[in-house]
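This briefing concerns the structure shown below.

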Amino acid sequence: MSSISITVDEEFLINSLDSFIEHGDIRDLIKDMFNHSDKAKRLLGRLLLGEKLPPKPKIGQMGLFKIQGQWFTNRDTTKDTDLDLKGFISCRVTGLGAYTDYSPIKIEFPTYNEVGEIDIVSTGLDYDEFIWLEEDKERH
């Protein structure tokens, strides 16, 4: 069996994928893949298998995240308080990174500090860790 070598540049690949994958952020994903990001390669694989990229929330959008599995300042003094919504905490999106960034959704949220006062702290979430509010789910 003989083999051939094909060189494909970024623009060709983007244009090829754009013809059958309708998503506005495909160009960013391909650029990330060409930077040898394993996360981008996994996302591209999901796209090629027919899955969609997770929707990006908007800056200022409210959502939730699960307390379990997350580390954040004042976690222990916030669990089991009125801010703990059955294992979840409400948050507001303050920034967005690329799909392939580590913790691309930057959020801020209230916590109780050691003296019982509310502090607003920040952390990052992955797209699958951000939980959409019911009223926003229908729009995406």
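A residue counts as buried under 20% relative accessible area, as exposed over 50%, and as partly exposed in between. Arg92, with a relative accessible area of 32%, is therefore partly exposed. The model is predicted, and the protein chain has an average pLDDT of 82.

**Confidence**
- In the protein chain, 72% of the residues score at least 70 in pLDDT.
- Confidence is highest in β2, at 97, and lowest in helix α2 (residues 26–34), where the mean is 65.

**Sheet architecture**
- An open sheet is formed by 5 strands in the order β4-β3-β2-β1-β5, with antiparallel pairing.
- Its edge strands, β4 (118–125) and β5 (131–132), each pair on one side only.
- Strands β3 and β4 run antiparallel and are joined by 8 bridges.
- Across this pairing, Glu108 stands opposite Ser122 in β4.

**Salt bridge**
- Side chains of opposite charge can pair when their charged atoms come close.
- The structure holds 1 salt bridge: Arg92 pairs with Glu108, and their closest N and O atoms are 2.5 Å apart.
- Because Arg92 belongs to strand β2 (residues 88–96) and Glu108 to strand β3, the pair ties together parts that are 16 residues apart in sequence.
- Glu108 has a relative accessibility of 24% and so counts as partly exposed.

- In soluble globular proteins, nonpolar side chains tend to be buried together.
- The largest nonpolar core comprises 18 residues, of which Phe65, Ile105, Ile107, Phe109 and Phe130 touch the most other members.
- At least two residues of this core come from each of α3 (38–48), β2, β3 and β4.
- Beyond its neighbours within four places in sequence, Ile107 is in contact with several residues, including Phe65, Cys91, Val93, Val121 and Leu125.
- The contacts of Ile107 also include Arg92, the residue that forms the salt bridge with Glu108, and Ser122, which Glu108 faces from the opposite strand.

**Surroundings of Thr111**
- Thr111 is located in strand β3 (residues 105–112).
- With a relative accessibility of 0%, Thr111 counts as buried because the cut-off for that class is under 20%.
- A polar contact of 3.0 Å links the side chain of Thr111 to the side chain of Asn74.
- Leaving aside neighbours within four places in sequence, the residues in contact with Thr111 include Phe72, Thr73, Thr78 and Leu83, along with Glu117, Ile118, Asp119 and Val121.

Key
Residues are numbered from 1 along each chain as its sequence is written. This is a predicted model: local features need pLDDT of at least 70, side-chain atom pairs count only at pLDDT 80 or more; totals for chains, interfaces and linings use all residues. Side-chain values use heavy atoms; hydrogens and water are left out. Helices (H or I, at least four residues) and strands (E, at least two) are DSSP runs, numbered from the N terminus. Buried means under 20% relative accessible area, exposed over 50%, partly exposed in between (1.4 Å probe, protein chains only). A polar contact is a pair of N or O atoms within 3.5 Å; within protein, one must be able to donate a hydrogen and the other to accept it, and residues adjacent in sequence count only if both atoms are side-chain atoms. Contact means heavy atoms within 4.5 Å. A salt bridge is a side-chain nitrogen of Lys or Arg within 4 Å of a carboxyl oxygen of Asp or Glu. pLDDT is the predictor's confidence in each residue, from 0 to 100. Two strands pair if DSSP finds at least two bridges between them. A nonpolar core is a set of buried Ala, Val, Leu, Ile, Met, Phe, Trp, Tyr and Cys residues joined through side-chain atoms within 4.5 Å.
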